[in-house]
Amino acid sequence: MPPSSLSRRSLLVGALGIAAASSLSGCVANNGPAPSTAAAGSKADIGEVEGTLRFAFWGGSDGENTGFARAKKGFEARHRKATIELQILPYDGFFSGIDRGILSKTAPDVFRVDYTSIGKYTSHGVLLDMTPYLTAAESSAFLPALYDAVRFEGRTYGVPHQTDTSAIAFSRKALDEAGIGAVPDRLEDAWTWDEFAAISTKLRQTLPDDKFPFAYDWTAAGAYRWASFVYQAGGSLLTPSLRHSAVDSDAGRKAMAFTQRFFDERWVPANNTIKTTVYSDNFFLNQTVAMTFIGDFLVPELADGANGYQGGDWATTYMPRDRAAASDLGGNALVATRDTANPELAAAFLKYMVEEDPMRDFCQRANELPTLQSLADTTLDYAVRPDVMDVFTQQATTITETAVRETVVPGFASVNTALQDQLELAFHGRSTDDAVKAIDAAIDQAVSA
């Protein structure tokens, strides 16, 4: 299949990344300047390693699982006396299990962690300090924002493995039947909010009563994705100090009023709320909606003909824009626990996972975006629908520095919980002003606690 163009050097230059999670909340992160060289007593030249390492990750797509299995095989071929034990777990309860393991010193040596959860671990001193194991060249090889996402107070506590972001998948048939012609195929031509509203209104008028224009991907822990509309409107969740909410603003009210229209005008199903059990991709696959906001990691699921759509039945386009374009930062880092019995083996495995060849292989198989600048500037041969992946790689360049900087706070879990609770109420009858004030107060309490 033809390769997909991937050029993202401009992605988040100088930004920080997202952090969040559950039980290990903490203070505001201060990553500090990146070290110019490996720390004194550098262990960067690890050499041959041996022993057994447990690597825990949640079961993802077949591409992800195959990618990790191939990485295990490649690492063991290089280090003949090393064994990597893959521990595939459900995502639900994954981090509560990690937390229990850390407290009881039974945690896996290495585990996968999403950027929306990493802050609680980097800020609590429970991870292996990778700073001595990375040379200046290795550290500077990553996209700056994603490298900063694994750092805290000037130290490095993992490696950024891959990223993903949201864009819109749409049914060609549904849009054609509604008389909607050209769909933006360049980022600079992305629908404005007004244009997106007009498209949604037209779909609402032409679709059956039990079908809807679109679904949004803010379910459960994805509540923070509502903030994309705040950023598009020119606002932010937090003040520059990261210690207070900034939602009670013109941008916050504009974003709230716009997203409340989703329900008031029946552009989304009534159960496309924060605390539903139906995710945005499910609405699309069962053809309840004509369009859906999804992350690129879901492309293989949508492309599987057994799930309802064939080949060219669907395509992708960009997030809508207002004053600016903006999207969310997803993806995962790999980290080792501080109490691992074999830190050099753990460090060697992490370094191997972010070498060019293993990262390229993993991202191509999993339909995800790389974190190395060298790969962000090259062409990846994605295993599934490389044509639609171009949209995601372009959309990734719209993740704002403000968005990632303010959500790197280790206590972001509380912010996300506040959004879950308050957005659910906002979409069930609250006025725009009341909804914004309630979210503002809840976020302010979350970050100042």
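## Basis

The model is predicted: local features need pLDDT of at least 70 and side-chain atom pairs pLDDT 80 or more, while totals for chains, interfaces and linings use all residues. Residues are numbered from 1 along each chain as its sequence is written, and side-chain values use heavy atoms, with hydrogens and water left out.

## Overall fold

The protein chain has 18 helices and 13 strands (DSSP runs numbered from the N terminus; helices are H or I with at least four residues, strands E with at least two). Its C-alpha trace spans about 65 × 50 × 35 Å along the principal axes.

Of the 449 residues, 59% count as buried. Buried means under 20% relative accessible area, exposed over 50%, and partly exposed in between, with a 1.4 Å probe and protein chains only. Residues 24 or more positions apart make up 80% of the contacts with a separation of 6 or more, a contact being heavy atoms within 4.5 Å.

## Aromatic pairs

The whole structure contains 35 aromatic pairs. Rings of Phe, Tyr and Trp (its six-membered ring) pair if their centres lie within 6.5 Å; planes under 30 degrees apart are stacked, over 60 edge-to-face, and the rest tilted.

The ring centres of Phe196 and Phe293 are 5.9 Å apart and the planes stand at 75 degrees, so this pair is edge-to-face. Phe196 is in helix H7 (residues 193–206) and Phe293 in strand S10 (residues 289–295), 97 residues apart. Both Phe196 and Phe293 are buried. Phe258 and Phe262 are also edge-to-face, because their planes are at 80 degrees, with centres 5.4 Å apart. These two residues lie in helix H9 (residues 250–264), 4 residues apart, about one turn of the helix, and both are buried.

## Salt bridges

There are 26 salt bridges in the structure, each a side-chain nitrogen of Lys or Arg within 4 Å of a carboxyl oxygen of Asp or Glu. Lys254 and Asp322 form one of them, at 2.8 Å from N to O. Lys254 lies in helix H9 and Asp322 in the loop between strand S11 (314–317) and strand S12 (330–336), so the bridge ties together parts 68 residues apart in sequence. Lys254 is partly exposed at 41% relative accessibility, and Asp322 is partly exposed at 22%.

Arg151 bridges to Asp148, with the closest N and O atoms 3.8 Å apart. Arg151 is buried at 1% relative accessibility, and Asp148 is buried at 15%. Asp248, Asp250, Arg253 and Lys437 are linked in a network of salt bridges.
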